[in-house]
Amino acid sequence: MAEAPTSEQIEKVITESLVTFGADPDAISRDAALEELDVDSLDLAELSQVIEEQFGVELSASDVAEIKTVGDAIDLVAERAK
Amino acid sequence: MSEPARPDGACALVTGASRGIGAAIARALAADGWPVAVNYRSDAAGAAATAAAIESAGGRAVIFQADVAEPQGPARLVDAVHAELGQISVLVNNAGVRADGLALSLSDDDWQRVLDTNLHATYRLTRAVLREMIRARFGRVINIASVVGPRANAGQANYAASKAAVIGFTKTAAVEVARRGVTINAVAPGLIATDMTEDIPTVLAERVPAQRAGTPEEVAAAVAFLASERASYITGSTLYVDGGLSA
């Protein structure tokens, strides 16, 4: 991408993916724990693909393991996409 | 809830499709409308014959040379197929080798060669296609196992280990991706009349309840079914095509 994505753009993509995985849209917030949203390792593997396609950011397995909340995911992608 | 239909513009990849069971599988999938990637390692003429048979029946086939036993072979093959034929919706891990000998006298090379082709390539190819399959919410991986593995066969400890491991891999990988509409199954042929079994005494066929060897087409029919939309609720299974041998 020519310009780094905004935090809002990243949040939109991540939120849409989580809804696709079956998370309750009303329960999704920056502070929401992925575990409480029933997001598991398969969902995170797919989310990594979406993030790579949309933002060109490759997340390793250890990166993904550090993601506990929706906000963690947004911040990590924003940091890497700079 | 119905399963998603197979994606438009998707293809099937069959490894070891230059002859025998692999060639029959490639023909059967092409007859079901799949564009087929015909992989071979060394038998270029056989692969050409498989592709010609598919095309003369009105199907589409593209030939890909690759040794899937090499560590980088599977990823390169998947990339090449993807570039030429698009998304891979069906993967048939058929390529297999034998290097028989009693366990007490097998060489490390004979052990490694059989595991590399029969097991490691199956894992690496499956890994290479699964990401796209889960995104598509459709995918079929069919691993060709054997009755040897679940059952003993003196002189084939390496082969048995590889095929039993393929069944174990199939089960666990299947449950990991089941909710994405991707199925992973094994087909376990018994005594099938191919080049690979021509040195096996015909007297062995008498031990088969059906009293005969099977044909590659009979194995291919099972694979084509598992690849179809009709098999959407079958995953992690091993389908024996063995004339009752393992019953």
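Mentor: Helices (H or I, at least four residues) and strands (E, at least two) are DSSP runs, numbered from the N terminus. By that rule B:Ala61 is found in strand 3 of chain B, residues 61–65. This is a predicted model, in which local features need pLDDT of at least 70 and side-chain atom pairs count only at pLDDT 80 or more, while totals for chains, interfaces and linings use all residues. Residues are numbered from 1 along each chain as its sequence is written, and chains are lettered from A and ligands numbered from 1 in the order in which they are written.

Trainee: Why does B:Ala61 count as buried?

Mentor: A residue is buried if 20 or more other C-beta atoms, placed from the backbone, lie within 10 Å of its own, exposed if 12 or fewer, and partly exposed in between. B:Ala61 has 27 C-beta neighbours inside 10 Å, so it counts as buried.

Trainee: Which residues does B:Ala61 touch, not counting residues up to four places away in sequence?

Mentor: B:Ala61 touches B:Ala26, B:Ala30, B:Val36, B:Val38, B:Thr50, B:Ala51, B:Ile54 and B:Glu55. Contact here means C-beta atoms, placed from the backbone, within 7 Å of each other.

Trainee: What makes B:Asn94 buried or exposed?

Mentor: B:Asn94 has 27 C-beta neighbours inside 10 Å and therefore counts as buried. B:Asn94 is found in a loop, between strand 4 (88–93) and helix 4 of chain B. Leaving aside neighbours within four places in sequence, B:Asn94 is in contact with B:Val14, B:Thr15, B:Gly16, B:Ala17, B:Ile21, B:Gly22, B:Ile25 and B:Ile144. The C-alpha atoms of B:Asn94 and B:Asn39, 55 residues apart along the chain, are 9.8 Å from each other.

Trainee: Why does A:Asp38 count as partly exposed?

Mentor: A:Asp38 has 13 C-beta neighbours inside 10 Å, so it counts as partly exposed. A:Asp38 lies in the loop between helix 1 and helix 2 of chain A. Its phi is positive, about 60°, although A:Asp38 is not a glycine.

Trainee: And what makes B:Gln211 buried or exposed?

Mentor: Because B:Gln211 has 10 C-beta neighbours inside 10 Å, it counts as exposed. B:Gln211 is found in the loop between strand 6 (182–189) and helix 6 (216–227) of chain B. Phi of B:Gln211 is near 65°, a positive value in a residue other than glycine.

Trainee: How many residues are in the largest nonpolar core, and which touch the most other members?

Mentor: The largest nonpolar core has 75 residues, with B:Leu29, B:Val36 and B:Val223 touching the most other members. Such a core is a set of buried Ala, Val, Leu, Ile, Met, Phe, Trp, Tyr and Cys residues joined through C-beta atoms within 7 Å. Helix 4 of chain B (residues 108–136) gives the largest share of this core, nine residues. Another core lies apart from it and has 16 residues, among them A:Ala23, A:Val39, A:Ile51 and A:Ile67. As for B:Val223, and not counting residues up to four places away in sequence, this residue touches B:Ile25, B:Ala28, B:Val92, B:Ile142 and B:Val187.

Trainee: What are the distance and crossing angle of the axes of helix 4 and helix 5 of chain B?

Mentor: The axes of helix 4 and helix 5 (residues 157–177) of chain B come within 9 Å and cross at roughly 15°. That makes helix 4 of chain B roughly parallel to helix 5 of chain B. Angles under 35 degrees count as roughly parallel, over 145 as roughly antiparallel, 65 to 115 as roughly perpendicular and the rest as oblique. Axes are lines fitted to C-alpha atoms, for helices over the stretch in contact, and angles run from 0 to 180 degrees between N-to-C directions.

Trainee: Which residues make the contact of helix 1 with helix 2 of chain A?

Mentor: In chain A, helix 1 (residues 7–20) and helix 2 (residues 41–55) pack at an angle of about 145°, with their axes 10 Å apart. The contact is made by A:Ile10, A:Val13, A:Ile14 and A:Ser17 of helix 1 and A:Leu47, A:Val50, A:Gln54 and A:Phe55 of helix 2 of chain A.

Methods. Two residues are in contact if their C-beta atoms, placed from the backbone, lie within 7 Å.
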